[in-house]
Amino acid sequence: MLEKFKNVSYFGLFVLGGWLFGYLFGYLNKQELLEIDSRSVIFFFVLLLPMVFLHVIVHEAGHTLFGQLTGYQFISFRVGPFLVVKEADGLTFKRFSVSGTLGQCLMRPPEYHEHQAFPYKLYLLGGVLMNLILSLLVLWLFPLNFASLSLIFIGFLTALLNVIPMGFNDGVTLRLASKNVQQRYLLYLQLEAHALLTQGLTYTELPAKMTQTIHVSQVTYLSQFQDFLRLGCLLENRDFDSLGLMLNDFSSRLGDFIYPYQLELKKELVFYLAYCEETDERIVKIWHEKAFQKSLNQPQANNLRIKAMYAWKVSQEVDRALLYLNQAVPLLANAPTKGEAKVEHLLIDWLRASITAESKQEFL
């Protein structure tokens with residue numbers, strides 16, 4: 001339901017933005033400030049896609065700039081599937097994407113002190129501010145033509161889509177963090193945990209405060225991030241009993257999670273069920289969902305691990321399962337953090353050993 005509402009909201013903003021700019025084009029044409037013909041209109045629409053790409057870069061650069069101005073340290077910068085990560089030995093370029101997002105800038109926050117103000121507003125609003133600054137500069141410094149108007153249009157639209165609270169955008173995060181100290185602390189924990197995972201710590205090596213349950217008055221994707229850290233700990237330890245309890249609980253209220261979280265939970269649920277309850281009807285049902293398959297086919301190591309488990313336990317295709325695992329290993333280099341790559345490697349090695357051991361027993 002929330003995903004449908006977000007899609008309707010986005011569509012509504014596009015329609016409103018299109019109407020406003022259509023009205024503006026008509027006014028400029030009437031005042032003889034802009035000559036409109038079929039060729040120029042086509043040129044305008046052709047420019048929209050590269051302007052979207054440009055404003056995604058500008059938006060994430062805004063988070064980086066304003067984050068650094070308020071004490072944050074650069075960790076990673078992603079536009080589409082292109083990811084740049086700052087690691088101990090320098091910048092690393094990877095390919096990684098997140099469903100429902102065009103870009104992302106993640107930074108390490110300044111140290112959190114309970115009785116001091118935690119800086120978050122400029123970091124969260126930095127992207128919107130940069131979109132608006134660029135659009136206003138173009139409006140002020142350059143003549144009005146279809147190239148400048150396309151850049152201005154996408155700039156204002158990008159700012160609106162991010163500042164008006166919808167889904168899990170900057171506006172929602174800002175609103176949550178502004179509500180109370182708990183949500184601000186959860187935002188800090190999420191950013192700090194990601195920074196530590198980037199350094200190479202695994203889930204079980206994170207400080208205890210990262211995974212300790214914080215009782216909140218409102219469950220949000222900021223508090224649910226902690227659930228994923230605990231989930232990562234269970235996977236790392238291969239504690240399938242606790243993992244099953246957690247995943248079954250989450251699947252019973254899947255609609256409470258944001259869309260990217262839903263997809264990841266479904267993947268790990270299939271992984272768990274295929275190993276522990278391979279006759280569960282949910283496996284095949286989830287497996288054939290179009291959105292699930294689209295996400296599963298992204299070239300990521302965890303996706304191939306899940307495919308390998310399904311091939312081994314459900315399809316009974318041992319050779320295919322081992323092939324998936326062999327294909328997964330080179331993709332570990334594209335994991336968003338070193339810590340996640342280490343855990344995935346552990347799971348891949350364990351799964352390969354389990355498949356090999358069972359095959360030897362059947363042969364004997």
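Trainee: Which residues does arginine 230 touch, leaving out those up to four places away in sequence?
Mentor: Thr211, Gln212, Thr213 and Met246. Keep in mind that this is a predicted model.

Trainee: And where is arginine 230 found?
Mentor: In helix 7.

Trainee: Does arginine 230 count as buried or exposed, and why?
Mentor: Buried, because its relative accessibility is 18% and the cut-off for buried is under 20%.

Trainee: What about leucine 229, what does that touch?
Mentor: Leucine 229 touches Ala193, Leu197, Tyr203, Leu206, Met210 and Thr211, again skipping residues up to four places away in sequence.

Trainee: How many residues are in the largest nonpolar core?
Mentor: It has 78. Leu229 is among those with the most contacts inside it, as are Tyr120 and Phe271. Helix 7, residues 221–237, gives the largest share, nine residues. Domain 1 (34–177) and domain 2 (180–363) each supply at least three.

Trainee: How many residues are in the second, separate core?
Mentor: That one has 10, including Met51 and Ile152.

Trainee: New topic, strands. How do strand 1 and strand 2 run?
Mentor: Antiparallel, with four bridges joining residues 73–79 to residues 82–87. Valine 79 stands opposite phenylalanine 82. Two residues lie between the strands in this hairpin, and glycine 80 there takes a positive phi near 60°.

Trainee: How many bridges join strand 2 to strand 3?
Mentor: Six, and this pair also runs antiparallel. Glutamate 87 stands opposite glycine 90 in strand 3. These two strands form a hairpin as well, with two residues between them.

Key: Residues are numbered from 1 along each chain as its sequence is written. This is a predicted model: local features need pLDDT of at least 70, side-chain atom pairs count only at pLDDT 80 or more; totals for chains, interfaces and linings use all residues. Side-chain values use heavy atoms; hydrogens and water are left out. A nonpolar core is a set of buried Ala, Val, Leu, Ile, Met, Phe, Trp, Tyr and Cys residues joined through side-chain atoms within 4.5 Å. Buried means under 20% relative accessible area, exposed over 50%, partly exposed in between (1.4 Å probe, protein chains only). Domain bounds come from an automatic or database domain assignment. Contact means heavy atoms within 4.5 Å. Two strands pair if DSSP finds at least two bridges between them.
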